Amino acid sequence: MPCERKPMRYGHSEGHTEVCFDESGKFIVTCGNDGDVRIWEGLDDDDPKFITVGEKAYSLALKKNKLVTASSNNTVQIHTFPDGEPDGILTRFTTNATHVTFNSSGSRVAAGSSDFMVKVVEVSDSSQQKTLRGHEAPVLSVSFDPKDDFLASASCDGSVVVWNIEEQSQLISWPLLQKTNDVSNAKSLCRLAWQPGAAKFLAVPVETKVHLYVRGSWDHVSSLSDDLLTQLINVVAWSPCGQYLAVGSVGGSLTVWDVNSKLCVERQKHEKGFTVCGLAWHPSGSQLAYTDTEGCLGLLDGLRTSTSTTTTTKQAAVKKPARDYDDLFDDDDDDRLIDEGLSDTNSPVKKPVGRDDDDDDDDDFLMPATGRARNRGAILDDEHSLDTGSLKLGRDKFGDDTGSVVVPAAAPLQPLRPVYEGPMPTPPQKAFQPGSTPAHLTHRFMMWNSVGIVRDYNDEQDNAIDVEFHDTAVHHAMHLTNSLGHTIADLSQEAVLLACPSTDELASKLQCLHFSSWDTNKEWMVDMPQGEDVRALCLGQGWVAVATSTLMLRLFSIGGVQREIFSLPGNVVCMVAHGEQLLIVYHRAPGFDGEQALGVQLLQFGQRKRQLINGEPLPLSLKSYLSWLGFTAEGTPCYVDSDGVVRMLNRSLGNTWTPVCNTRETCKSKSDHYWVVGIHENPQQLRCIPCKGSRYPPTLPRPAVAILPFKLPLCQTSTEKGQMEEQFCRSVLFHNHFSFLSSSGYEIDEDAQSHSQKEQQELLMKMFALSCKLEREFRCVELADLMTQNVVTLAIRYASRSRRLALAQRLSEIALEKANQIQKEEEEEEEPEYSNVRQPSGYGQSEVTGGRHSSRLNQEEEQGKELREEDGQEMETEEAAETRKRVNPFAKEAVSPVMQTLTPIGKVGRANPFKVLGSGKPSSSSGQPRVTNILDNMTSSRKSAPLGGPAGKPNKGPVLKPLAPRPKTKTQSTLLQLTGTKASSKKTQENTQPAADQQKQAEVPPPASPADNTENKRPKTGFQFWMEENRKSITADHPGLEETDIIKEAMGRFRTLSAEERLSWTERAKGQTGDAEDLKKRKRAGGGAENENGQAEADENSAKKKKSLDPSSKLSAFAFNKN
């Protein structure tokens, strides 16, 4: 295709210049840096017409006598052609538009801008706009699919994206280009072009080649290249017939290929070697106009594209049959991994003109997201075997729409080698440093964490690193000269850690500025071995970890001593540390269909080094990648994926990962993101920086940190039930760190821990009340399983008041099971004696799961309720036997309120803490008053607590301190009892009945002791007195009933009595069993409690009068406020 290169001529001032032909081919239209659009009637036109559209014109497009330009005032304008009359503004951007183009019909215009957005606007009605968001850097070029379904765009973020215009969504994205931060710094403009007419291919210039992608399947089918083309390709343009592709390069080369044969049919060079930045075919296909970055216009004339089509194609079919066969199976020659014996240079025709370089660098830069198997031709037995059927296939593959003649197949098509059509591998995610912005930016964050900020400034004037601390008490800000070119950094309370990649001359270096060192030499540096580069690094407490390109992890002390070295199972993605913990994420395998297959290791370097998580898969959202990894301030591992989902390690559920937040839910736009900088569990805070239209923030102006709330993705969180369930699950998850910290030997915040337990129990009680309201009794029992014993007591009272007696009965069984479970665990677990000072209760899952409580105090307070449900006779005989060898230090003597002396306890053995006395009253400690219910008991020694129970602060009453070595006791030492707050309460009957039964059934007389002496002097309840008199009638009505059934029947009958009758029985019981003096003595001995034993208050009115004195009344009111 010999052609004539016309001499260049001056068109615009120096700078980016673009060119196009009008539809008739009569005019050449150019725009340039001077803000003018010039309309030339030919290259020889010495007085072209011009239209001024702004200070600068960046791009233009012309169709149907409408001229659209992108100018420096951030607008896309429209003018009439050729008159040049202004016809309004199509659209605006927040910064300048970089490229505009028409669709094939001229009804729409697409424009890309430096504000990362692409807009598609209807020419007839500019209010009809579609905005395509998703690029993370300025847009380089846009191109319409000739069928108007898709739009392709290239961006400085390195990606080429195909969009579905109607759905405004990304169909596919290829990471093909080199990243940069602005169009002016881009090495190539990457002007994309769709094949006109058939619209089979999208041409994408990638370095020195043009990649062809098939429309619809988006497979990368072929690459066009030329040995003599060594400069980056800047622009591409299809001939009107769709068979030829012209490209202009940064070095001034102009090359034309026949796409069907992949032959280079024309090479020309810019007369001065300037960068070609604009390219346009004449509608006839005979001329090619081009412009350069100096504002000049040139023309290639005499290109015979329309006539040469058939001959060229026929030549290709005859001369290079084997090459077409190879084309069918392997067009990704630029990405070839196994290329032995199959180089394109074997082609006799193509060897002089073109070859696909087997360039290793491409594999680093071009990720194999082609969507098809690589190099399938490489496995053919005979490279030159010829099958005419395959020739036909090869021709069809490349869309020969020019009518070329191919010899028909001599035989029916034989099935070729099987072709893999399964899922394709995903490009592996590259290593990154959490809290850093991309390395290609000139000003970037190298690290932003809870300690401070490390910034890198790398421009023409300066290459420096600034370190700034959030708390200047840690250290003053530092300014470091980055002479070594460090690209990775970490920052802790002790040191700044930096690393640089290796170069041809220098090894990769690790540099540590140990500013907290007490000696004068605060800096050390280590060279990595030859061929080993630092990929990720982090700072722990007193140690440094470095992961390298050779799958090695090196551990140094903070002072520079090499401590440990071990191999990683895969290429590291990122790594973080907190205290003694090290969290590593790596590629465990290739991912498929857009998924990343990552693994995670969690190590702890304490007194005993151990691996807590060993290579488990790291769960990510579908088709997402890891974007941040870190620890909460309390030391729980967590991470964020590219879909904005934050996940946290749930240590109590076998080290699983629980999603705790989705940052995308709070984003206003699809292109907005949150850049996470830190997470706190107490208070629950996700600290992040809002990024508008980007995934990461700029260094200037200094970004502001926002705080997002957490929300577990539970079902139906809009309902009251769902909200409380979410709050409860989140509270449990976010307070797991207490048990981990205490087990690791750290001090914990007791106030926060007790507050969290209190919060959980409150939520359980609210959910219980709601389930009662909804008549979901089975659900009530499930919730009671999660409660602590005191709150179960409260639930029983609530159920009784709500007239749900069957539920109350089941709850009492749960309370009994809990007591038995704790008792059994106590027997299995031999622990040393209590220390004299009570330890703060470590948070375990027991409060929630019904397991063993970690707080001894709570056990002591809560055992009494459960044990009152036990069968009386068993308990009496058991305890009587035990008392022979133990004295009860908490029992009161007949007269004296003074506690037993401590001396004989060690000799005689520990007292029986659950000795049940004759009238059903527990022995009470002299400092702990007997009160009306358990809730009073929980709070009586600490009046300031608004709520008692396991959620409140542990009671610190002096009498509850342990007194002697503790053998394996059946249960704990303080027996608490809820007796008759209200005579109508079912609870009263259940609790006191077994005690009366014990008194009657006790056959084994225990040895005399102060506890036993007191039994005979305790008053009976009215119910016990009534039952003794009515027992015979009950047994007569129901012969053969067991004792417990008799008690239940009696309780039912007693409840049917009127309040006056029950009161009279109580008064009779008082009159027979004791006088007021005795009561007062015991009251004084009990420490002046407001309420005595419960028998003192028999009816509801008296209980209400006393309520104001009772600190637990707040909790009672809280429990019943939903009636």
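**WD repeat annotation.** I looked up the UniProt annotation "repeat: WD", which comes from an unreviewed entry and covers residues 9-41, 132-173 and 233-267; such annotations may be inferred rather than shown by experiment. The model is predicted, with local features needing pLDDT of at least 70 and side-chain atom pairs counted only at pLDDT 80 or more. Residues are numbered from 1 along each chain, and side-chain values use heavy atoms, without hydrogens and water.

I read residues 9-41 as 0% helix and 45% strand, with end C-alpha atoms 14 Å apart. For residues 233-267 I noted 0% helix, 66% strand and end C-alpha atoms 14 Å apart. Helices (H or I, at least four residues) and strands (E, at least two) are DSSP runs.

**Helices 8 and 10.** I found that the axes of helix 8 (residues 777-786) and helix 10 (residues 805-828) come within 10 Å and cross at roughly 25 degrees; axes are lines fitted to C-alpha atoms over the stretch in contact, with angles from 0 to 180 degrees between N-to-C directions. The two helices are therefore roughly parallel to each other (angles under 35 degrees). In contact (heavy atoms within 4.5 Å), I noted residues including Val781 and Ala784 of helix 8 and Leu811 and Ile814 of helix 10.

**Aromatic pairs.** I recorded 17 aromatic pairs, with ring centres of Phe, Tyr and Trp (its six-membered ring) within 6.5 Å. Among them, phenylalanine 1023 and phenylalanine 1054 are edge-to-face, at 5.3 Å centre to centre and 70 degrees between the planes (over 60 degrees counts as edge-to-face). Phenylalanine 1023 lies in helix 18 and phenylalanine 1054 in helix 19, so the pair ties together parts 31 residues apart in sequence.

How values were computed: Parallel < 35°, antiparallel > 145°, perpendicular 65-115°, else oblique. Phe/Tyr/Trp six-rings, centres within 6.5 Å; stacked < 30°, edge-to-face > 60°.
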